[in-house]
Amino acid sequence: MFALALLTTLLLVTGGVDTFNVMSYANVQYTILYHQYLDISFKTYPFMGYPLQADWISIPPLYSFTNGFFSGIFWNLLEINATHNILKMATDLMLPLAPVANKTNTHDVGFVIMSSFGHAYQLLKIPEYLQIVVTTANSLSTRYSPIVRCTRSWDSSQGFLVIIDNMMNLELLFEASNQTNNQTWHDMAWQHANRTMYEHFRADNSTYHVVEYNETDGSVIRKYTAQGYADWSTWSRGQAWAVAGFTTAYRYTKHQPFLDKAIGAANYFLSRLPSETDVIPYWDFDAPHNSTIPYQPRDTSAAAIFASGLIELFQYVGAQELKDRFLTKAKAIVDQLTSPAYLILGNKDYILRAIIANGTQGPYPSHPYDVATVFGDYYLTQAVLRLSKL
């Protein structure tokens, strides 16, 4: 009860939510969560959870794209409030992830390592952390096909599958290339982004989730969805991955078409928000919402990923009107995510140790919805951190 009273004070003392307050709330929630997982020696990490339940659905540290985000939240917090305790928690949660560096059976190594060891190296310059990044990049490079000109996402007997999410793993290759002068890794990442730019986007800058390639000649077999409403629809989290991923690709390459594609994808995302004032997207932009289907869940994780990417993207945009629009919308999304409508703190019945609720894990209604996700919390703290640096 003391923690709840403290958090209420933190969030209401100024009549609104600011950088310090959001990150303070995150610190309290995730510190408690850290100690819960410490009790089981970090044998599993939080993945998603139902707000009305006390326990997260958890996954062993080497088996999910999400497992770097638990540590990553503390690395984000450390930049706001550099304390020994936050550093210890970030490090304790990061070190068990080191074996991920040698995994070659998944593309998710970029998510895991860059949100943990990558951020840690950026802040602390510890050589052993850089070595983990480099080793992981070497592992990811084994999934690259010079015929398809992409890194493989999911292993499948059906074909060479590439998902839009995979744009987020290119940061690993770009950063490792910069640190080691390995041009091959840079070229792999560039080729992957370039092929994705042509194959994953429709004419209106909406995105397909999955593209299946012929591994023998590199031709496209089909384009479809695994997590959206339909093959022709636009999964909102996939669109957010596209915005953040192409923004990152532009950061490393300064290749104008990548910036243009990030801008196009961002404009599409903004055009599909429910309204000017209601800025948290539905889980899929095209999922029907009418008298016969009265409910479609939102996806706060898509909103958080998009807001974080948009905050970086606005800094690369030249036109002042567009810069202002992007920053204003990013702030509006963060403000709405940290309002009582979506904060765990905003509902007296919620008991899960998390920051925001109303995430959607996969296709509704067959997959969990109205849940907290560790990746939603991570990208929200990243967005707030990026805003604090402006």
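A nonpolar core is here a set of buried Ala, Val, Leu, Ile, Met, Phe, Trp, Tyr and Cys residues joined through side-chain atoms within 4.5 Å. In this predicted model, the largest such core has 121 residues. The residues with the most contacts inside this core are Tyr30, Trp56, Phe74, Phe306, Leu313, Phe326 and Tyr379. Apart from it lies another core, of six residues, including Cys150, Phe160, Val162 and Tyr213. For Tyr379, the contacts beyond four places in sequence are with Phe69, Phe111, Met168, Trp241, Ala304, Ile305 and Ser308.

Two of the residues touched by Tyr379, Phe69 and Phe111, also take part in the packing of helices H3 and H5. The axes of H3 (residues 68-80) and H5 (residues 109-124) come within 8 Å and cross at roughly 25°. Because this angle is under 35 degrees, H3 is roughly parallel to H5. The crossing of this pair is left-handed. On the H3 side, the contact involves Gly68, Phe69, Ser71, Gly72, Trp75, Asn76, Leu78 and Glu79. These residues meet Phe111, Val112, Ser115, Ser116, His119, Ala120, Gln122, Leu123 and Leu124 of H5.

The contact is made by His186, Trp190, Ala193, Thr196 and Met197 of H8 together with Phe246, Ala249, Tyr252 and Thr253 of H9.

Ser233 is placed in the loop between strand E7 (220-224) and helix H9 (236-253). With a relative accessible area of 4%, Ser233 falls under the 20% limit and is therefore buried. The side chain of Ser233 makes a polar contact with the side chain of Asp284 at 2.9 Å and reaches the backbone oxygen of Ala230, also at 2.9 Å. Residues up to four places away in sequence aside, Ser233 touches Arg202, Thr207, Gly228, Asp284 and Asp286.

Ala303, in helix H11 (residues 300-314), counts as buried at 0% relative accessibility. Beyond four places in sequence, Ala303 touches Ile280, Pro281, Ile333 and Leu337. Ala303 and Ile351 are separated by 48 residues in sequence and by 22 Å in space, C-alpha to C-alpha. In the loop between strands E3 (144-145) and E4 (150-151), Pro146 is exposed, with a relative accessible area of 64%. Pro146 lies 152 residues from Arg298 in sequence, and their C-alpha atoms are 38 Å apart.

Several backbone features are found in loops. Most residues other than glycine have a negative phi, and most peptide bonds are trans. Ser41, although not a glycine, has a positive phi of about 55°. This residue is in the loop between helix H2 (19-38) and strand E1 (45-49), and counts as exposed at 53% relative accessibility. Asn181 likewise is not a glycine, and has a positive phi of about 60°. Asn181 is found in the loop between helix H7 (170-180) and H8, where its relative accessibility of 71% makes it exposed. The peptide bond from Tyr364 to Pro365 is cis, with omega near 5°. Pro365 lies in the loop between strand E8 (359-360) and strand E9 (369-373).

Terms used:
Residues are numbered from 1 along each chain as its sequence is written. This is a predicted model: local features need pLDDT of at least 70, side-chain atom pairs count only at pLDDT 80 or more; totals for chains, interfaces and linings use all residues. Side-chain values use heavy atoms; hydrogens and water are left out. Helices (H or I, at least four residues) and strands (E, at least two) are DSSP runs, numbered from the N terminus. Buried means under 20% relative accessible area, exposed over 50%, partly exposed in between (1.4 Å probe, protein chains only). A polar contact is a pair of N or O atoms within 3.5 Å; within protein, one must be able to donate a hydrogen and the other to accept it, and residues adjacent in sequence count only if both atoms are side-chain atoms. Contact means heavy atoms within 4.5 Å. Axes are lines fitted to C-alpha atoms, for helices over the stretch in contact, and angles run from 0 to 180 degrees between N-to-C directions. Angles under 35 degrees count as roughly parallel, over 145 as roughly antiparallel, 65 to 115 as roughly perpendicular and the rest as oblique. A crossing is left-handed if the near helix is turned anticlockwise from the far one by less than a right angle, and right-handed if clockwise.
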